[in-house]
Amino acid sequence: MNNLKNQPLVSIIINCKNGEKYLKETIDSIYKQKYLNFEIIYFDNNSKDSSLSIAQGFDGRLKIYKSKKELSLGEARNEALSCSSGEYICYVDSDDSMLPNRLENQVNALRKSKLLWSFGGYNQIDSKGKILKKITMSTKSGIVFKKLLKRYFVNFQTVMFKRELTDQISPFFDKNFFFGPDYNLIMILSMRFEACVIRNQLINYRVHSESLTNFSSHLFASEYLRTNKNLMELNNLLGKDYEKDIKRGESQYYWLKTLDHLINKNTRSAKDSLRKIILKRFEYFLFYIILSFPFGDKIFMKLYKVLKN
């Protein structure tokens, strides 16, 4: 698909806040795409470093927008979206990068499937760009909502959607979410629409200590609970039959509270949270027992990191 006349415009949105360390690498990966008909929407969320000047070093396909004040991630996502004009839209964070065939493969897959949104596999990389793990998608295309309630496996940087979805969901991102607007959106999309799932890797996703997730543990649980409430309301509005599945997912709230307490070195509160779901899964029971041992909090977190990866 190298003829521009046959290529619908793709808007690639970069929401950036103090992302100078990897930003050039991120933008370079877009310019190396084999798919040529794209625009880059660079939305700077009041950065204090040199991110903006780095973005200014590229040609006119990169359009720059800057917030005068710091916005929540949900609000910044919406603002950037309103600046875009592509038929297809995707996001890439300022510390990640796209593989050269990403746009071509994903646009082709969406056009062939006639579905409205897509996600796929990815590589986990370290701070130096070394591949730590290759993650492929084993799930088939279709309604993936119940699977995501059991185990969330969508990397938002691999998501692409058609613009018409933004007319059906408004506002597209919840502006009240500072950490989890992406998760909230994907769960809503997955309940309402079939997903086009791409097995192979589309992006390199960087795992490092400076990523947003490492600064936002206190937001995990509260925003997860808010998403659950949103899903229950949507389930009732659409007349779906997911009520029991959504309620079962509420145990994840207490698991996230457990992790938050441990990150903040409050083992007693962590045990209290975990006790509420101790019989829901064997893993919860096992972790509760571990917390009863001397240095159990340290053993817990090491084991959790191993199992997570």
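Tyr242 counts as buried, at 14% relative accessibility. In this predicted model, Tyr242 sits in the loop between helix 8 and helix 9 (243–248). Apart from neighbours within four places in sequence, the contacts of Tyr242 are Ile143, Phe145, Lys146, Met191 and Asn235. Tyr242 and Met232 are separated by ten residues in sequence, and their C-alpha atoms are 8.0 Å apart in space.

## Asn228 in helix 8

Helix 8 covers residues 217–238, and Asn228 is part of it. With a relative accessible area of 4%, Asn228 is buried, because the cut-off for buried is under 20%. When residues up to four places away in sequence are not counted, Asn228 touches Ile246, Gly249 and Glu250.

## Pro8, before strand 1

Pro8 belongs to the segment before strand 1. Its relative accessible area is 11%, and Pro8 is therefore also classed as buried. Outside the four places on either side in sequence, Pro8 is in contact with Tyr35, Asn37, Glu87, Tyr88, Val107 and Arg111.

The separation between Pro8 and Gly239 is 231 residues in sequence. In space, the C-alpha atoms of Pro8 and Gly239 are 35 Å apart.

## The buried face of helix 1

Helix 1 runs over residues 23–31, and its buried residues are Leu23, Thr26, Ile27, Ser29 and Ile30. Viewed down the axis of helix 1, these residues fall within an arc of 155°, so they line one face of the helix. An α-helix has 3.6 residues a turn, so residues three or four places apart point the same way.

What do the buried residues of helix 1 pack against? Their partners are strand 1 (10–16), strand 2 (38–44), helix 2 (51–55), strand 3 (62–66) and strand 5 (97–98).

## The buried face of helix 12

Helix 12 spans residues 282–291. The buried residues in helix 12 are Tyr284, Phe287, Tyr288, Ile290 and Leu291. Down the axis of helix 12, the buried residues lie within an arc of 160°, so they line one face of this helix.

## Helix 10 against helix 12

Two packed helices are described by the angle between their axes and the distance between the axes. For helix 10 (residues 251–263) and helix 12, the angle is about 25° and the axes are 13 Å apart. Helix 10 is therefore roughly parallel to helix 12. Their crossing is left-handed.

On the helix 10 side, the residues in contact are Ser251, Gln252, Trp255 and Leu262. These meet Tyr284, Phe287 and Leu291 in helix 12. By class, the contact of helix 10 with helix 12 holds five nonpolar residues, two polar residues and no charged residues.

## Helix 11 against helix 12

Helix 11 (residues 267–275) packs with helix 12 at an angle of about 155°, and the axes of the pair are 10 Å apart. The crossing of helix 11 and helix 12 is left-handed.

Helix 11 contributes Thr267, Ala270, Lys271, Leu274 and Arg275 to the contact. Helix 12 contributes Tyr284, Phe287, Tyr288 and Leu291. The residues of this contact between helix 11 and helix 12 are six nonpolar, one polar and two charged.

Notes:
Residues are numbered from 1 along each chain as its sequence is written. This is a predicted model: local features need pLDDT of at least 70, side-chain atom pairs count only at pLDDT 80 or more; totals for chains, interfaces and linings use all residues. Side-chain values use heavy atoms; hydrogens and water are left out. Axes are lines fitted to C-alpha atoms, for helices over the stretch in contact, and angles run from 0 to 180 degrees between N-to-C directions. Helices (H or I, at least four residues) and strands (E, at least two) are DSSP runs, numbered from the N terminus. Angles under 35 degrees count as roughly parallel, over 145 as roughly antiparallel, 65 to 115 as roughly perpendicular and the rest as oblique. A crossing is left-handed if the near helix is turned anticlockwise from the far one by less than a right angle, and right-handed if clockwise. Contact means heavy atoms within 4.5 Å. Ala, Val, Leu, Ile, Met, Phe, Trp, Tyr, Cys and Pro count as nonpolar, Asp, Glu, Lys and Arg as charged, and the others, Gly among them, as polar. Buried means under 20% relative accessible area, exposed over 50%, partly exposed in between (1.4 Å probe, protein chains only). The arc is that of the directions from the helix axis to the C-beta atoms.
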